[in-house]
Amino acid sequence: MLEQIQAFIKSGASFSTEIIVIGLVFFAIERLRPAEKDTPFFKSDFRQELGFALINALIFLPIFTIFVALALNYIAEPLIPYQMFAGEIEALPIVLQMLLGAFILDFSTYWRHRFTHRYLWPVHSIHHSALSINWLTGMRLHPIEILVALFFDLFLLHVLGFGGAGMLFAMVFLRGYNHFTHANINLEYKAPLKYILASPKYHRWHHADEFAAHGKNYCSTFSCIDLAFGTFYHPEGLPKGYGIGDDQAHYPQALHGQLLYPFKKILSKKSKK
């Protein structure tokens, strides 16, 4: 468990540099080949999305990493005292560890993503409330979703026996690819690659405010996971719009309002019962 904790902490330690470097790269790419030409780089909710990125990386991610690691240490290890494939994974070449780790983490992302859509929508709707999508939207996550993600990922890593440099690469790679698929870039893959990897145009359909696209394209990187579980959706063209439908009109604009939104939504449902 210690190796997984260290990998998550190292992954988060480079976050400020990552925002600057990746921001500059995508600033150029999104201007050269935009998917949505009317979407400015510094869009109307840029400050809110940057705010989520910073508070999650600097405050909630370190705290939640320690909390989840301790919880799993006292709950998971007594129930599952051994790591299933630790020896086999460590025997693999480092490149294969990295690739396998990335696929395993995206598999975890897929099921955690489906879980949040079905059972934690007031929380996950923060991410989907963006009316225009660019690379920074990938960081638009409520802290509770960060906590859920850490629990899913750390538990899976511990049970399977991952750790070390291979897992650190997998986490950094998936996070970087997540920025890429959210970027405002006019790019899609042709067959057979589109059935293996997600593209920016592919993921835009996950954010689409269109009925046919609801419950589709949950994976972050490997579209073959969506294909395997019947949630692959990749029509021609781009969505007509994004957002959370009827709830959009009542959605708060300020960062603190968005942080409180899931709790108010849950309390309002209870009061109606």
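1. A word on the basis. The model is predicted, so local features need pLDDT of at least 70, side-chain atom pairs count only at pLDDT 80 or more, and totals for chains, interfaces and linings use all residues. Residues are numbered from 1 along each chain as its sequence is written, and side-chain values use heavy atoms, with hydrogens and water left out.

2. Helix α5 and its partners. Two packed helices are described by the angle between their axes and the distance between the axes. Helix α5 (residues 94-119) packs against helix α6 (residues 121-128) at about 110°, with the axes 6 Å apart. The two are therefore roughly perpendicular, and their crossing is left-handed. With helix α7 (residues 143-160), α5 makes an angle of roughly 140°, and the axes come within 10 Å. That pair is therefore oblique, and its crossing is right-handed.

3. Terms for point 2. Helices (H or I, at least four residues) are DSSP runs, numbered from the N terminus. Axes are lines fitted to C-alpha atoms over the stretch in contact, and angles run from 0 to 180 degrees between N-to-C directions. Angles under 35 degrees count as roughly parallel, over 145 as roughly antiparallel, 65 to 115 as roughly perpendicular and the rest as oblique. A crossing is left-handed if the near helix is turned anticlockwise from the far one by less than a right angle, and right-handed if clockwise.

4. The network around E49. The structure holds 8 salt bridges (a side-chain nitrogen of Lys or Arg within 4 Å of a carboxyl oxygen of Asp or Glu). K43, D45, E49 and R140 are linked in a network of them. E49 pairs with K43, the closest N and O atoms being 3.0 Å apart, and both residues are buried (under 20% relative accessible area; exposed is over 50%, partly exposed in between, with a 1.4 Å probe and protein chains only). E49 also meets R140 in a salt bridge at 2.8 Å, N to O. This second pair links distant parts of the chain, with R140 in the loop between α6 and α7 and E49 in helix α3 (residues 46-79), 91 residues apart. R140 counts as buried because its relative accessibility is 2%, and E49 because its relative accessible area is 0%.

5. A salt bridge with partly exposed ends. K265 and D247 form a salt bridge, with 3.6 Å between the closest N and O atoms. K265 belongs to helix α11 (residues 255-272) and D247 to the loop between α10 (223-228) and α11, 18 residues apart. K265 is partly exposed at 25% relative accessibility, and D247 is partly exposed at 27%.

6. A nonpolar surface patch. I20, V21, L24, V25 and I29 form a nonpolar patch on the surface, with about 440 Å² of accessible area together. Patch members have over 30% relative accessible area and no salt bridge; like charges are joined within 9 Å, and nonpolar side chains (Val, Leu, Ile, Met, Phe, Trp, Tyr) within 5 Å. V21 is in helix α2 (residues 15-32) and counts as partly exposed at 45% relative accessibility.

7. Two backbone features to look at. Most residues other than glycine have a negative phi, and most peptide bonds are trans. A191 and P192 are joined by a cis peptide bond with omega of about 5°, and P192 lies in the loop between α8 (165-182) and α9 (200-204). N217, although not a glycine, has a positive phi of about 55°. N217 sits in the loop between α9 and α10 and is buried, with a relative accessible area of 0%.

Terms used
Accessible areas come from the Shrake-Rupley method with a 1.4 Å probe; for residues, only the protein chains shown count as cover.
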